[in-house]
Amino acid sequence: MSSENILVKLDKAGLKQNNKWLVKGVTLQVEKGKIVTLIGPNGSGKSTTAKIALGIYKNIDGNVEKYTNKVGYVPQKISIDWTLPLRVNDFMLLTENLKDDEINNALSLTGVVHLKNKNLGTLSGGEFQRVLLARAISKKPDLLVLDEPVQGVDFTGEIALYELIKDISEKLNCGILLISHDLHTVMSATDHVVCLNGHVCCSGSPKDVARNNEYKALFGEQASQTLSLYEHKHDHTHDHDGEIKKN
Amino acid sequence: MFDDFFIRALVAGIGVAIVTGPLGCFVVWRRLSYFGDTLAHSALLGVTMAYSFQFNIAISVFLISSLIALILIKLQKRTNLPGDALLGLLAHSSLAVGLVVIGFLTFIRFDIMGLLFGDILAVNVTDLLIIWFGGGLILLVLKIIWKPLFASTVNYELAEAEGLNPDRAKAIFTILMAALIAISIKMVGLLLITGMLIIPAAMARNLSDSPFKMVLFSIIGGLLSVLIGLFSSLELNTPSGPSIIAAALFLFILSLFRIKQSIQLKN
């Protein structure tokens, strides 16, 4: 892949807050038309890595270079203040001036076009998640950063949305940085997997990662065989400033 | 029937209401009521500076309020004090210093009541020009920064991630607040200007389901407050600034009934 296809590039990037490394030494890049997935246990620095890639944090260690400003972001957590009267339609227009049919189109792709004039506060968790995803894809971004985009979505919806995400990456030729806990989906739909545990444990194609010993140690032998069972064992702990101590 | 001063008061009030409408919505959305109060209190210091150095009041108030906002931002980064304590510290100390400076300026007779509660009936043609020209400029700049400011009000990280530069929008908005206080201080006074920002916006929140509607209703509410307040102050011989705020309160209470109705309809 030639260098002009690179959308964002992290070089030994890390973030230290209150003398504790949240994540350290992450090197990865997202290219056009490719899906890169971050996996790892809770607190392993997945969301932090995504925010570093997006340029939300200012005082980072190492380097991050973003080559595009057309970005769509689905955060893991979003708190919206209800002093704001905000309908789904207003939310869709938040960062981009879209035409009405572009809004309808994006909302129907994620199956929530009927909620267009509803107040954001009245939506269920799954509905809101679909609106968040619709908003991120509606502006036809070069780079999509999706932090657990299907949390709270029903089972059939989850499969459909993952298919939609894969479809979008092909149609728009955009790069996707995905954070997901669903290892089965990750392994079937991803071009490149980065396994985090405060640092990069291992990375590569899904097959390579599944065979990797560190991955097995982190997610368990079973995970690499069935690619679906989610369970992890720690082979190391972190001391107070985030340094790695082998058990 | 109308004396000339009354027409001027009306034109000034209408100008201020059109600007406080949209700005007040952001004050409510971003929870900046006490920030607005602090800037308004510091305006007294601005007025005394204007008298001390024979300077235009609006420009002097604008400079001092911007300075206080800047000091606040610096203090927030450097101390561990909570935001409301810092706001209180700056509000009351700038008010006190302003009053102390007045004590030194014995050669000028100050209308303290006029400063605190406004004297819309004393507005002259220069003031009108400042209100309408300055107000127009404030609205123009607000329109330009609307997208990043509104997006970061909804969610800072989304705005930052999608390249809207919310920090710059926030800094510009702070300057707009200082400018609004500078142009409206003579009309409603420094103790009541925050009321003019918050009460019509709060009323509008009760009636709206979209940000655009809330801004629109907030402007309409402000205009009605000015009209009702000024006419009733003429009829009942009450002070004009407080009458405008009381009219705004009256409209707010009316808007509460509208909420009760819609809740009953839903059930």
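Let's start with chain A. Of its 247 residues, 45% are buried. Keep in mind that this is a predicted model.

What is chain A built from? It has nine helices and 11 strands. Now look at contacts in chain A between residues at least 6 apart in sequence. Of these, 62% join residues at least 24 apart.

Next, the sheet. Six strands of chain A form an open sheet. Read across, the order is β5-β6-β7-β3-β8-β9, and the pairing is mixed. Which strands sit at the edges? They are β5 (71-74) and β9 (200-204) of chain A, and each pairs on one side only. From one strand to the next, the twist averages 10°.

Zoom in on one pair. Strand β3 of chain A covers residues 35-39, and strand β8 of chain A covers residues 192-196. They pair in the parallel sense, over four bridges. Take A:Ile39 as an example. Its bridge partner in β8(A) is A:Cys195.

A helix comes into the picture here. Helix α4 of chain A, residues 125-138, lies across β5 and β6 of chain A. The helix runs at about 170° to β5(A).

Now the domains. How do they meet? On one side are 19 residues of domain 1 of chain A, in contact with 15 residues of domain 2 of chain A. On the domain 1 side, α1 (46-54), β6 (143-147) and α5 (155-171) of chain A each supply at least two residues. By class, that domain 1 side has 11 nonpolar, four polar and four charged residues.

On to the contact between the chains. Chain B gives 19 residues and chain A gives 18 residues. Which elements of chain B take part? α1 (4-29), α6 (125-154), α7 (156-161) and α10 (211-236) of chain B each supply at least two residues of the side that touches chain A. The most comes from α7(B), with five residues. The chain B side divides into 10 nonpolar, four polar and five charged residues.

Last stop: helix α9 of chain B, residues 193-207. Is α9(B) enclosed or open? Of its 15 residues, 13 are buried, so α9(B) is largely enclosed by the rest of the structure.

Note on methods: Residues numbered from 1 in each chain as written. Chains lettered and ligands numbered in written order. Predicted model: local features only at pLDDT ≥ 70, side-chain atom pairs only at ≥ 80, totals over all residues. Contact = placed C-beta atoms within 7 Å. Nonpolar A, V, L, I, M, F, W, Y, C, P; charged D, E, K, R; others polar. Buried ≥ 20, exposed ≤ 12 C-beta atoms within 10 Å, placed from the backbone. Pairing = 2+ DSSP bridges. Axes fitted to C-alpha atoms, helices over the stretch in contact; angles between N-to-C directions.
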